[in-house]
Amino acid sequence: MPTTPTKRTMLGWCAVLVTLVLLVSGCGTNFGTTDDGKQKYRWKMTVTTGSTSTWYLAAERFARSLEEETDGRITLKVFGNERLSAGEATAGVEQLMDGAKDFSYNSPIIYSAVDPRFGAVTAPFIFDTVEEGQDALAGEGGDVYADYLSEHGVHLLGFGESGMRQLTNTHHPIHTPDDLHGLKFRIPGFGLYTDLYRALGSNPTTMPFGEVFTALQQGAIDGQENPIDVIHSANLQEVQPYLTLWNYSYDPLVFGVNEKLFDSLDAEDQELVSRLAEDTNEFQIKENRDREKKLIAELEDSGMEVNRLTDSEKTEFREELKPLYAQYREVWGKDMSEAFIPEGL
């Protein structure tokens with residue numbers, strides 16, 4: 001009896017077909033030269049989020065700046081919601097690595113599906129603030145990321161920021177590991193998070209984010225975790241009375257360009273792309289942080305009970321998770337662990 005393809009299988013085939021089309025069309029497609037001999041380019045960039053996100057707004061700013069500063073010699077089209085890979089973020093990262101597209105904003109969580117070493121910066125409770133996370137990436141940590149990304153065919157253009165990931169649930173405020181016991185949380189399909197929530201006594205599960213609101217509404221799951229922007233934009237305050245600001249995982253954004261494309265550019269265009277990317281990251285981070293403060297206030301005004309973990313409460317979580325740090329040091333490797341994981345964890 002013939003079998004019916006699953007939705008996931010169909011999405012996978014769609015991503016493959018899109019990738020093949022893009023490979024045929026080429027990476028960094030050029031359209032001849034200007035009168036003074038400068039190469040013309042038509043580039044593509046993807047972001048995982050939709051058109052109202054700070055990711056997308058920053059990418060559009062990057063595109064406008066490229067076109068304006070080159071008088072139209074270079075143009076870039078931005079695609080939201082991973083449209084070039086049928087919504088599959090991991091396939092989107094692989095397209096960037098393979099040269100089927102040119103630029104992207106993606107979380108290290110997505111990169112870790114290709115190489116688990118990339119998950120180190122998202123380790124639990126290693127940063128108390130987003131500023132601490134960016135400081136780590138501005139130093140040795142950023143150099144390690146640049147080296148590892150290069151191994152996979154991606155040139156690093158710096159980091160944006162999705163922010164700290166927070167927790168919502170149906171039952172009560174979260175202050176201690178015991179408060180998570182027995183609760184069922186939707187998490188991304190990310191091995192570190194699966195092991196983390198199990199270590200804290202809860203029941204992690206994965207599902208497409210589009211199904212989360214209904215699952216919460218019907219009681220199929222008790223809670224979920226995400227940055228504030230995602231919680232607010234999905235209207236989860238309508239089905240989640242409790243929000244815990246525990247800053248448990250820092251989630252930056254990798255601004256990457258296909259390395260072969262970047263290396264093919266002349267020195268002037270490399271300087272242009274690097275400079276505008278730096279400006280883009282600064283803009284995105286500021287917009288994201290400014291928006292988060294406003295959105296937290298709106299969530300509280302909507303009736304959500306918001307609690308923030310104290311330093312001593314965070315220490316209790318760190319102590320509970322010490323075996324996890326030891327386990328994942330082997331996964332992240334020496335360079336990533338030394339760059340991001342504090343001594344004693």
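Visitor: Which residues do ring pairs link into a cluster?
Guide: In this predicted model, local features need pLDDT of at least 70 and side-chain atom pairs count only at pLDDT 80 or more, while totals for chains, interfaces and linings use all residues. Numbering starts from 1 along each chain as its sequence is written, and side-chain values use heavy atoms, without hydrogens and water. Rings of Phe, Tyr and Trp (its six-membered ring) pair if their centres lie within 6.5 Å; planes under 30 degrees apart are stacked, over 60 edge-to-face and the rest tilted. The cluster joined by such pairs is made up of Phe125, Phe185, Phe190, Tyr193, Tyr197, Trp246, Tyr248 and Phe317.

Visitor: How are the planes of Tyr105 and Phe255 arranged: stacked, edge-to-face or tilted?
Guide: There are 22 aromatic pairs in the structure. For Tyr105 and Phe255, the ring centres are 4.9 Å apart and the planes stand at 45 degrees, so the arrangement is tilted.

Visitor: How many residues apart in sequence are the parts that Tyr105 and Phe255 tie together?
Guide: Both Tyr105 and Phe255 are buried (under 20% relative accessible area; exposed is over 50%, partly exposed in between, with a 1.4 Å probe and protein chains only). Tyr105 belongs to strand 4 (residues 103–106) and Phe255 to strand 9 (residues 242–258), so the separation of the parts they join is 150 residues.

Visitor: Which residue follows helix 3?
Guide: Helices (H or I, at least four residues) and strands (E, at least two) are DSSP runs numbered from the N terminus. Helix 3 (residues 89–98) is mostly covered, with seven of its 10 residues buried, including Val93, Leu96 and Met97. After helix 3 comes a residue with a positive phi near 90 degrees, namely Gly99.

Visitor: Are helix 6 and helix 13 roughly parallel or roughly antiparallel to each other?
Guide: The axes, lines fitted to C-alpha atoms over the stretch in contact with angles from 0 to 180 degrees between N-to-C directions, come within 8 Å for helix 6 (residues 140–151) and helix 13 (residues 322–340) and cross at roughly 155 degrees. Angles under 35 degrees count as roughly parallel, over 145 as roughly antiparallel, 65 to 115 as roughly perpendicular and the rest as oblique. Helix 6 and helix 13 are therefore roughly antiparallel.

Visitor: At what angle do helix 2 and helix 11 pack?
Guide: Helix 2 (residues 54–69) and helix 11 (residues 267–301) have axes 9 Å apart, and their packing angle is about 150 degrees.

Visitor: Is Asp71 buried or exposed?
Guide: Asp71 sits in the loop between helix 2 and strand 3 (74–79). Although Asp71 is not a glycine, its phi is positive, about 55 degrees. Its relative accessibility is 75%, so Asp71 counts as exposed.

Visitor: What is the relative accessible area of Asn81?
Guide: Asn81 lies in the loop between strand 3 and helix 3, and its phi is positive, near 55 degrees, in a residue other than glycine. Asn81 is partly exposed, with a relative accessible area of 47%.
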